[in-house]
Amino acid sequence: MSIRGLKKKQPKTFKVRIITVDAEMEFSCEMKWKGKDLFDLVCRALGLRETWFFGLQYTIKGMCTWLKMDKKVLDQEIPKEDPISFHFLAKFYPEKVEEELLQEITQHLFFLQVKKQILDEEIYCSPEATVLLASYAVQAKYGDYDPNFHEPGFLAHDELLPKRVLRQYQLTAEMWEEKITAWYAEHRGIARDEAEMNYLKIAQDLEMYGVNYFPIAQNKNHTDLLLGVDAKGIHIYSINNRFSPNKSFEWSSIRNISCSEKELTIKPLDKKAEVFKFFSSQLKVNKLIFQLCIGNHDLFMRRRKVDSIEIQQMKAQAREEKARKKMENQRLAREKQLREEAERAKEELERRLFQLEDEARQANEALLRSQEAAELLAEKAQIAEEEAKLLAQNAAEAEQERQRLELTALKSKEEKRLMEQKMREAELIAVKLVKESDRRAKEAEHLKQDLQEAREAERKAKQKLLDITRLNYPHMAKYPQYCPGDSRDATFDKGSIKLDLKDIDLKRLSFEIERERLDYLEKSRKFEDRLKELKSEIHALKLEEKQAGLCS
């Protein structure tokens with residue numbers, strides 16, 4: 001057979017792109033493939049056996065719908081693009097994640113999808129719960145917290161909290177990281193699959209977890225309501241409240257669900273109960289609700305039946321795998337603990353070795369210092385001996401100087417005493433001179449008065465004598481030039497003689513007073529010179545005393 005013939009017999013294919021939460025894959029599909037063929041190919045590529053939870057979703061005309069398994073892929077109303085894009089997502093949710101999710105890949109895919117729904121605010125979560133969930137997400141991604149490795153800022157590029165929570169609280173990224181890290185540090189020893197399971201166990205208790213919401217009207221008047229379908233049943237919500245349903249129909253209480261064009265009817269198991277009818281704006285929405293109801297109801301009934309052989313085998317394998325992982329984790333934890341203990345012991349030995357080396361180095365340094373100190377002490381001893389000799393010599397010189405100073409002090413004291421005595425004598429002389437000066441001044445004043453009185457008496461006597469002469473010798477008044485002294489002296493009476501004598505005494509007295517005044521001035525000058533000498537001597541002695549005080 002030719003190569004051309006082989007090429008002609010190859011089936012025609014088309015390309016599809018499968019987008020999971022964290023990866024993308026491309027496949028070549030045959031034109032005749034049904035939805036189940038493509039779905040099985042994707043599940044085999046992922047290693048997924050719990051296929052009943054998942055489906056292939058696509059968007060057409062703004063509406064999300066699921067690929068039908070029993071129809072050809074190309075016969076369905078899918079986007080006309082190359083490659084055709086499908087999202088591999090969880091279509092149905094388990095009631096209890098810990099009991100129903102057996103494979104690790106199943107658990108991981110659910111974890112990624114639920115985490116994305118919480119971050120995209122499709123599932124409401126309180127701020128406190130978001131921080132706890134974020135800490136489990138960090139544990140699943142980074143493993144055990146290590147403060148030496150996980151330094152501040154290591155979560156800067158991770159999206160861990162919904163934007164609504166970030167807007168609600170005025171906290172910085174560093175504050176949020178600190179809160180998340182506080183919880184993250186407490187998850188030490190938890191493996192990745194265990195951290196993801198803990199995340200899902202918290203998330204499954206949230207009111208909006210696993211619920212698919214659709215806008216409906218309860219009657220033809222178009223009363224706006226929301227219909228929610230989840231693993232437990234069908235719930236009716238008001239348009240503004242997706243947390244608390246106004247009415248719920250559990251799968252166990254529903255007898256029949258029917259769909260006809262835009263009307264969907266729910267018949268309760270209790271025939272007396274009211275039949276619930278609602279209307280949708282589009283037939284496709286009714287069909288999608290119907291598919292989800294059938295799928296969730298089938299899983300609800302399946303959970304309450306005896307597990308099939310395949311499920312039993314999967315559960316057994318899951319238990320064995322968990323036991324093996326548990327033992328492996330315990331072994332790894334033990335090895336890690338032993339390694340940490342060995343590292344701690346090594347660090348302790350290194351620290352001890354470093355300490356011993358440091359002690360040895362310090363001992364060597366101390367020995368060198370002691371040797372140097374001994375040499376210094378020897379030098380100091382020699383210097384001290386020489387200093388002792390010098391000190392003894394200085395002591396002797398100081399003793400001599402002390403004796404000299406004592407003698408000088410005694411001499412100074414004696415000189416001071418003599419000087420004080422001289423000062424006292426000078427003061428006494430000064431006092432005497434002052435007194436004598438006062439006395440002399442008084443005597444001079446008396447003498448001046450006596451002199452004035454005598455002169456006045458002399459003037460009066462002369463006047464009287466002249467008057468007498470004029471009376472006794474009138475011719476002499478006419479010839480006053482004829483008055484020879486001898487004849488005048490001879491003709492004077494006793495009064496005239498006494499007058500002349502008195503005149504002579506006055507002159508003598510004036511001369512004596514003048515002479516005594518000159519003597520007094522001479523004595524005063526000499527006394528002042530003597531006082532100046534005494535002051536100079538006293539000043540010199542005071543300077544010597546000050547210098548002696550400074551030297552001592």
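Colleague: At what angle do H5 and helix H7 (residues 173-184) pack, and how far apart are their axes?
Modeller: In this predicted model, H5 and H7 pack at about 70°, with their axes 8 Å apart.

Colleague: What makes H5 roughly perpendicular to H7?
Modeller: The angle is about 70°. Angles of 65 to 115 degrees count as roughly perpendicular. Therefore H5 is roughly perpendicular to H7.

Colleague: Which hand does the crossing of H5 and H7 have, left or right?
Modeller: The H5 and H7 crossing is right-handed.

Colleague: Which residues of H5 and H7 meet?
Modeller: From H5 come Val 131, Leu 132, Ala 134, Ser 135, Val 138, Gln 139 and Tyr 142. From H7 come Trp 176, Lys 179, Ile 180, Trp 183 and Tyr 184. Contact here means heavy atoms within 4.5 Å.

Colleague: What does the span of helix H8 (residues 192-203) compare with?
Modeller: H8 has 12 residues and reaches 17 Å from its first C-alpha to its last. The expected span is 1.5 Å times one less than the number of residues.

Colleague: Which residues of H8 are buried, and what do they pack against?
Modeller: Ala 195, Glu 196, Met 197, Asn 198, Tyr 199, Leu 200 and Ala 203 are buried in H8. Buried means under 20% relative accessible area. The buried residues of H8 pack against helix H3 (97-100), H4 and H5.

Colleague: Why is Lys 61 called exposed?
Modeller: Lys 61 has a relative accessible area of 73%. The cut-off for exposed is over 50%, so Lys 61 is exposed. Lys 61 is in the loop between strand E3 (54-60) and E4. Its phi is near 55°, a positive value in a residue other than glycine.

Colleague: Why does Glu 121 count as partly exposed?
Modeller: The relative accessibility of Glu 121 is 34%. Buried is under 20%, exposed is over 50%, and partly exposed is in between. So Glu 121 counts as partly exposed. Glu 121 is in the loop between helix H4 (104-119) and helix H5 (127-142). Here, too, phi is positive in a residue other than glycine: near 65° for Glu 121.

Colleague: Which peptide bond is cis, and where is Pro 83?
Modeller: The bond joining Asp 82 and Pro 83 is cis, with omega about -5°. Pro 83 is in the loop between strand E4 (63-66) and strand E5 (84-90).

Colleague: Where does UniProt place the "coiled-coil region"?
Modeller: The unreviewed UniProt entry gives residues 311-471 and 517-544. In the model, residues 517-544 are 100% helix and 0% strand, with end C-alpha atoms 41 Å apart.

Methods:
Residues are numbered from 1 along each chain as its sequence is written. This is a predicted model: local features need pLDDT of at least 70, side-chain atom pairs count only at pLDDT 80 or more; totals for chains, interfaces and linings use all residues. Side-chain values use heavy atoms; hydrogens and water are left out. UniProt positions are given in the numbering used here, feature names are shortened, and annotations may be inferred rather than shown by experiment. Helices (H or I, at least four residues) and strands (E, at least two) are DSSP runs, numbered from the N terminus. Buried means under 20% relative accessible area, exposed over 50%, partly exposed in between (1.4 Å probe, protein chains only). Axes are lines fitted to C-alpha atoms, for helices over the stretch in contact, and angles run from 0 to 180 degrees between N-to-C directions. Angles under 35 degrees count as roughly parallel, over 145 as roughly antiparallel, 65 to 115 as roughly perpendicular and the rest as oblique. A crossing is left-handed if the near helix is turned anticlockwise from the far one by less than a right angle, and right-handed if clockwise.
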